[in-house]
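Please have the sequence and the model open as I speak.

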Amino acid sequence: MMRWKEMELAGWGRALKSTAAVARPERRSALAGAAAPAIGNRRSYGDAALNGGGKVIDMTRLDRVLELEAATGLLRVEAGARIGELAQLLAPRGWLPAVMPGTGFATVGGCIAMDVHGKNHHGAGSFGMHLAEIELIVGGEARPIGPDDPLWRATIGGLGQTGIITAATLRLIPAKGRTMRVREQRVEGWDEHIALLDSSDASYTVGWIDATATGARLGRGILEEGEISDASLPPAGRSRKVPLDAPGFALSSPVVRVFNAAYYARVPAQGRTVTRAQADFFFPLDRIHDWNRLYGKRGFHQFQCVVPPAQKDALRDMLRAIAQSGLASPLAVLKRMGPGRAGMLSFPMEGYTLAVDFPNRAAARSLIAALEDLAIAAEGRIYFAKDSLAGAAQVRAMYPELADWQAAVSAADPDRALETDIVRRLRLRDPA
């Protein structure tokens with residue numbers, strides 16, 4: 001039996017909040033017969049983990065490693081396990097999760113529900129492509145599903161709407177060490193950034209963008225290329241905590257421009273190669289606890305889209321609009337993506353993805369709406385894990401398998417017991 005406590009919850013962006021009754025079971029057996037949305041550490045930026053006026057099941061206490069086949073790299077683990085903790089546990093044993101998102105606080109269940117991608121998507125594809133089995137509560141009963149099950153592709157990237165994900169079996173990748181060898185180089189502008197992403201043969205690649213740069217410097221930034229290494233661990237960096245909500249001027253346009261210029265200059269003109277702890281490479285912001293408070297009480301929104309290769313110039317146009325607006329934060333990322341996606345509503349497609357954070361202001365909301373329209377025109381799509389502002393009509397144009405997903409979800413959850421705020425906002429379960 002689960003106990004429920006009313007709580008106000010927020011997404012990571014803190015711009016969207018709602019009140020719900022929350023239960024935190026400690027054993028999977030307590031979930032028998034459960035019919036409420038499951039949530040993890042709420043690292044999705046918007047309302048994907050919110051259910052205003054209803055109930056949610058916090059899965060974070062269900063975080064046990066159930067079985068590791070050391071010879072084959074198969075890991076069976078409960079859905080509440082954190083990706084960062086799994087990486088720390090597995091690396092000394094010669095394995096790592098095949099795909100890791102930008103925060104180690106993401107849970108396995110959340111990674112499945114969003115079919116997350118990492119800095120190696122161009123080669124490894126999405127998280128769901130490395131799953132062997134998912135344990136799912138459907139209609140109050142737990143059962144395993146595999147790739148041949150009709151619910152498989154509706155569950156991966158499916159926002160938790162087919163059932164409660166309680167455990168999963170992951171196919172790990174071999175890891176020859178516990179560190180990363182990282183090549184950093186300055187990038188002078190947009191065309192060079194795209195060319196370097198296209199030509200990179202590194203296992204992990206990511207570009208930081210100075211989203212305040214204009215003119216000939218538009219798209220300048222830093223390219224990082226990483227490989228797993230067996231070098232000695234560098235001294236651990238200090239963890240810090242943002243103790244309070246920052247004042248409004250903390251991320252004002254002049255402050256961001258100065259920060260970005262300094263961040264760009266930290267890499268020598270000739271580039272450099274450094275050794276980093278794996279956590280510092282994969283999860284660079286995790287050492288700054290509660291970094292979302294830097295945006296103040298009103299929070300922030302993130303815009304992330306992906307466009308096909310032939311539409312890369314659309315991202316340049318978006319970046320130009322962002323730079324001219326003076327609204328961007330220092331957190332702007334550009335990545336090359338491959339074709340790998342595992343679910344009907346999975347975000348990835350082959351092409352390029354741009355992600356930029358904006359403080360929660362009216363001007364930023366208007367800008368994001370314009371950027372979403374540009375993404376549609378470029379035959380791209382936005383990422384549900386980051387979205388907090390899109391409308392239903394926009395999303396329908398981006399996800400061609402939506403009707404197939406709706407049919408699978410309606411069969412698995414006919415009473416709509418698993419609906420969340422994002423599903424209602426985007427009318428994802430409503431027919432066209």
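Val 77 sits in strand 6, which covers residues 74–78, and in this predicted model Val 77 counts as buried, its relative accessibility being 0%. If we leave out the neighbours within four places in sequence, the residues in contact with Val 77 are Arg 64, Val 65, Leu 66, Leu 86, Val 108, Ala 167, Ala 168 and Leu 170. For a sense of the distances across the chain, take Val 77 and Ala 314, which are 237 residues apart in sequence and whose C-alpha atoms are 40 Å apart in space.

Is Thr 353 buried or exposed? Its relative accessible area is 2%, and since anything under 20% is classed as buried, Thr 353 is therefore a buried residue. Its contacts, again leaving aside neighbours within four places in sequence, are with Gln 304, Cys 305, Val 306, Leu 315, Val 333, Leu 334, Lys 335, Met 337 and Phe 347. Between the C-alpha atoms of Thr 353 and Cys 111, which are 242 residues apart along the chain, the separation is 18 Å.

I turn now to the loop between strand 2 and strand 3, where I have picked out two residues, Arg 24 and Leu 31. Arg 24 is partly exposed, with 38% relative accessible area, whereas Leu 31 is buried, with a value of 0%. Not counting residues up to four places away in sequence, Arg 24 touches Arg 3, Asp 58, Thr 60 and Arg 61; of these, Thr 60 is 36 residues from Arg 24 along the chain, with 7.4 Å between the two C-alpha atoms. Leu 31, with its neighbours within four places in sequence left aside, is in contact with Met 2, Pro 25, Ile 57, Met 59, Leu 62, Ile 137 and Thr 166. The C-alpha atoms of Leu 31 and Ile 164 are 8.7 Å apart in space, although the two residues are 133 apart in sequence.

Next, a point about the backbone. Asp 115, which lies in the loop between helix 2 (108–114) and helix 3 (121–124), has a positive phi of about 45 degrees although it is not a glycine, and Asp 115 is buried, with a relative accessible area of 0%. Arg 427, in the segment after helix 12 (421–425), is likewise a residue other than glycine with a positive phi, here near 50 degrees, but Arg 427 counts as partly exposed, at 45% relative accessibility.

Now to the helices. How do helix 8 and helix 9 pack, and at what angle? Helix 8, residues 312–325, and helix 9, residues 362–377, pack at about 170 degrees, with their axes 10 Å apart. Angles over 145 degrees count as roughly antiparallel, and helix 8 and helix 9 are therefore described in that way. On the helix 8 side the contact is made by Met 318, Ala 321, Ile 322 and Ser 325, and on the helix 9 side by Leu 367, Leu 371, Leu 374 and Ala 375. By class, the residues of this contact divide into seven nonpolar, one polar and no charged.

The lining divides into 13 nonpolar, six polar and six charged residues, while the contact of helix 8 with helix 9 has no charged residues. I will stop there and take your questions.

Terms used:
Residues numbered from 1 in each chain as written. Predicted model: local features only at pLDDT ≥ 70, side-chain atom pairs only at ≥ 80, totals over all residues. Heavy atoms only, no water. Axes fitted to C-alpha atoms, helices over the stretch in contact; angles between N-to-C directions. Helix = DSSP H or I, 4+ residues; strand = E, 2+ residues; numbered from the N terminus. Parallel < 35°, antiparallel > 145°, perpendicular 65-115°, else oblique. Contact = heavy atoms within 4.5 Å. Nonpolar A, V, L, I, M, F, W, Y, C, P; charged D, E, K, R; others polar. Buried < 20%, exposed > 50% of the residue type's maximum accessible area, 1.4 Å probe, protein only.
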